Amino acid sequence: MAPPRTRRPARPREEVYAAARAAIAEHGLARLTMAGLGQQLGMSAGHLLYYFGSKDQLLLETLRWSETQLGERRTRELARHDLPVLERLARYIDLYLPEGPGDPRWILWIEVWSRSPGTADLRQGQLDIETPWQNDLTALITEGRTTGVLTPTAPAADRAAQLRALLDGLAIPLAIGLPAATRPRATAEAASAAHALLGVTPEATQ
């Protein structure tokens, strides 16, 4: 009688997300196969599909996991009311922008954006992930307005959306490695634009 087959334990989801993020950042989602990812993790493609349903869902859940980790840092930084509003704004910008070309988190974002027009689930997932960034920046701008550090001429939510759009525009060339895009340049341009959009008072920069 043949010995019973031992069932290989499932990998923790965090391990799957980390491996998927690294593979997508290196090769893109188009070249990622469930079989290849499963081979890296010692799992079958069927097992991965059982948990995630599709590559798109794996992509979304990997991005959600990545953003949750960063969101915890963002929450801590913005909750430091011992720091001036402008210092916390600078930290928000620092967390938002890619670390450099090929930043895995931003490669995931680019993959999601490229696929979301045809997938309602991806669009909703994208909105769910982006909303905390929008809400936190809106709250920071509102605080700055209340304390007189910022004097935006439009509602805080509108200015937050405009600033995030600008940050996205600076982030993508940096993430994909365009020659003229560098992190110091993107950071400086983001700070300059933020000060203009939010009406930073001269006293706040002294």
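Start with the lining of the largest pocket: it divides into four nonpolar, two polar and six charged residues (Ala, Val, Leu, Ile, Met, Phe, Trp, Tyr, Cys and Pro count as nonpolar, Asp, Glu, Lys and Arg as charged, and the others, Gly among them, as polar). Select Arg21, Ser66, Gln69, Leu70, Arg73, Asp94, Leu95, Leu97, Pro98, Glu99, Asp103 and Arg105 to see it. Two elements give two or more residues to this lining, helix H4 (55-78) and helix H5 (85-96), and H4 gives the most, with four. The pocket's volume is about 190 Å³.

Before moving on, some ground rules. This is a predicted model, where local features need pLDDT of at least 70 and side-chain atom pairs count only at pLDDT 80 or more, while totals for chains, interfaces and linings use all residues. Numbering runs from 1 along each chain as its sequence is written, and side-chain values use heavy atoms, with hydrogens and water left out.
On a 1 Å grid over the protein atoms alone, a cavity is a set of points where a 1.4 Å probe fits but cannot get out, a pocket is an open set with protein on both sides within 12 Å along at least five of seven lines, and lining residues have an atom within 4 Å of a point. Points are joined across faces, edges and corners, and a volume is the space filled by probe spheres set on them. Helices are DSSP runs (H or I, at least four residues), numbered from the N terminus.

Next stop: how many cavities of 30 Å³ or more does a search of the whole structure find? One. The largest cavity has a volume of about 60 Å³; select Tyr96, Arg105, Trp106, Trp109, Trp113, Glu130, Trp133, Arg164 and Asp168 to outline it. By class, that's five nonpolar, no polar and four charged.

Now the largest nonpolar core, with 53 residues (buried Ala, Val, Leu, Ile, Met, Phe, Trp, Tyr and Cys joined through side-chain atoms within 4.5 Å; buried is under 20% relative accessible area, exposed over 50%, partly exposed in between, with a 1.4 Å probe and protein chains only). Pick Leu37, Leu58, Leu89, Leu97 and Leu167, which have the most contacts inside it. H8 gives the most to this core, eight residues. Zoom in on Leu58: leaving aside neighbours within four places in sequence, it is in contact (heavy atoms within 4.5 Å) with Val16, Ala20, Leu32, Met34, Leu37 and Phe52.
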